[in-house]
Amino acid sequence: MPGWAAEPRVYTRADWNARAPKRPAEVRNRPPDHIIVHHTATANSKSRSLAHAFALSRAIQRWHMDGNGWDDTGQQLTISRGGIVMEGRNRSLDSIRAGNLAVGAQVLHHNDHTIGIENEGTYTRSGVPKNLWTSLVEVCAWLCEQYRLDPAAAIVGHRDFNATSCPGDRLYRRLPELRREVAGRLDGGPRGGSHPATSIFPGFDPFD
């Protein structure tokens, strides 16, 4: 159906056996204005299995909670190299469906108005797997539809807000292509007003 993006298959936190968060995520009764594209800066695994994807989500949550001391997984959504889409931070999926924002911890100083997608792998020199790319397009189209966002302005990389090389040069260079493909899924029409991104800075920090 032109101009409409269906919700993709998103595996819930219960599906991947998430730990309970230290406290529930804060939910803002308004949409985000930007979609932040990340990479995990982890190994470019050859596994495309569901079991691997679920283990990835558990590892990210463990890193964020035990290593970083955060309340829960930082990002709202995670995509494995096999294209498997998973809920990240608690309350994220219900909030997206309601047009609201479960505040995460995925982009320093800008968590209260952005939603983040963590893409498994390191894309400084390696290309993005086809299955991951296909899911990233579908997820971004769904988010733009749900939140009435213009993909040309809303879809940005982590480095557009923070001093980091995330989401890697190869993935970052494909963001214009991502915006075009998402717009095509939405019949090319702008979905609403969103704010321009901030300046790009060099550096590296895969999660914040």
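This note sets out points on the fold, the strand pairing and the side-chain contacts of the structure above.

1. Basis of the note. The model is predicted, so local features are reported at pLDDT of at least 70 and side-chain atom pairs at pLDDT 80 or more, whereas totals for chains, interfaces and linings use all residues. Residues are numbered from 1 along each chain as its sequence is written, and side-chain values use heavy atoms, with hydrogens and water left out.

2. Overall fold. The protein chain holds 6 helices and 8 strands; helices (H or I, at least four residues) and strands (E, at least two) are DSSP runs, numbered from the N terminus. Read from the N terminus, the order of elements is β-β-β-α-β-β-α-β-β-α-α-β-α-α. Contact is taken as heavy atoms within 4.5 Å. Among contacts between residues at least 6 apart in sequence, 80% join residues at least 24 apart.

3. Surface and burial. The accessible surface of the protein chain is about 8,800 Å², and carbon and sulfur atoms account for 51% of that area. Accessible areas come from the Shrake-Rupley method with a 1.4 Å probe; for residues, only the protein chains shown count as cover. Of the 208 residues, 55% count as buried, where buried means under 20% relative accessible area, exposed over 50%, and partly exposed in between (1.4 Å probe, protein chains only).

4. Strand S7. Two strands pair if DSSP finds at least two bridges between them. Strand S3 (residues 34-39) pairs with S7 in the parallel sense over 6 bridges, and Ile35 has Ile115 as its bridge partner in S7. Strand S4 (residues 77-79) also runs parallel to S7, joined to it by 3 bridges; here Leu77 is partnered by Ile117.

5. The aromatic pair. Rings of Phe, Tyr and Trp (its six-membered ring) pair if their centres lie within 6.5 Å; planes under 30 degrees apart count as stacked, over 60 as edge-to-face and the rest as tilted. The count by this rule is 1 aromatic pair. Tyr11 and Phe54 form this edge-to-face pair, with 5.4 Å centre to centre and 70 degrees between the planes. Tyr11 lies in strand S1 (residues 10-11) and Phe54 in helix H1 (residues 50-67), so the pair ties together parts that are 43 residues apart in sequence. Tyr11 is buried at 19% relative accessible area, and Phe54 is buried at 12%.

6. Charges over rings. A charge sits over a ring if NZ of Lys or CZ of Arg is within 6 Å of the ring centre and within 35 degrees of the ring normal. The charged end of Arg9 sits over the ring of Tyr11, 3.9 Å from its centre. Arg159 is placed likewise over the ring of Tyr172, at 4.5 Å.

7. Salt bridges. The whole structure contains 10 salt bridges, each a side-chain nitrogen of Lys or Arg within 4 Å of a carboxyl oxygen of Asp or Glu. Arg9 forms one with Asp15 (4.0 Å, N to O); Arg9 is exposed at 52%, while Asp15 is partly exposed at 35%. Arg148 and Glu145 meet with their closest N and O atoms 3.1 Å apart; Arg148 is partly exposed at 43%, whereas Glu145 is buried at 11%. In the salt bridge of Glu177 with Arg174, the closest N and O atoms are 3.0 Å apart. Glu7, Asp94 and Arg97 are linked in a network of salt bridges.
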